[in-house]
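Open the model in your viewer and keep the selection tool at hand. The tour goes from one selection to the next.

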Amino acid sequence: MDGHRSRVFCACFNPKSAHELITGGWDDTIQFWDSRQPYALRRISGVHMCGDGLDISKNGREILSCAWQRDNSIQLWDYGSGKLLVTLEPDSYSSLLYCGKYIANMFFACGGTDTNLFRVVDLRSHASIALIRNLSGGTYHLDIGPVNPKHARKTRMVTILPQLAFCAGRKIYEIDAQPG
């Protein structure tokens, strides 16, 4: 498969299709692929990806881009059309982002450099609900773990978030973001 003019840093399959995926790289594009085709089908321009900063929502309809750029670093896109839905500024701390992932239907996590931060953002309010900044180094990767079954049994009304882990500097941080 051929399409990017420079390094590719992230790839993400659409959870609703065994053949559709998106990629992002240094050439400031997000490209849409069907693995049965040799070339990208379409692209979004103006998004500078330097890490694992792309994700597709579980319903396969929205793309999260967390980009290594001063302006418009967090954006949501319509998967079907590639059109920009919203640019988010969840708080006053800007960061050059390396990574971002949906956590659940209404939340995502992201991290980067400049202010060396990690944040969790609520998609309903577009605000950070958790923020760690001035870490000893940039946040270059994060991963989403399982929901702790003990917390899932405690409540039926409160949104249960999975465990999170991220790397910053030379440390690995684990977050269990549950009530109580």
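Select Val 47. Leaving out residues up to four places away in sequence, Val 47 touches Gly 25, Asp 28, Thr 29, Ile 30, Ser 65, Ala 67, Gln 69, Gln 75 and Trp 77; contact means heavy atoms within 4.5 Å. This is a predicted model, where local features need pLDDT of at least 70, side-chain atom pairs count only at pLDDT 80 or more, and totals for chains, interfaces and linings use all residues. Residues are numbered from 1 along each chain as its sequence is written, and side-chain values use heavy atoms, with hydrogens and water left out.

A nonpolar core is a set of buried Ala, Val, Leu, Ile, Met, Phe, Trp, Tyr and Cys residues joined through side-chain atoms within 4.5 Å; buried means under 20% relative accessible area (1.4 Å probe, protein chains only).

Now go to Pro 90, in the loop between β8 (84-88) and β9 (96-104). Strands are DSSP runs (E, at least two residues), numbered from the N terminus. Is Pro 90 buried or exposed? Pro 90 is buried, at 11% relative accessible area. Among its contacts beyond four places in sequence are Ile 74, Arg 119 and His 126.

Finally, select β10 (residues 107-113) and β11 (residues 117-122), antiparallel strands joined by 6 bridges. Two strands pair if DSSP finds at least two bridges between them. Gly 112 stands opposite Leu 117 in β11.

Methods:
Helix = DSSP H or I, 4+ residues; strand = E, 2+ residues; numbered from the N terminus. Buried < 20%, exposed > 50% of the residue type's maximum accessible area, 1.4 Å probe, protein only.
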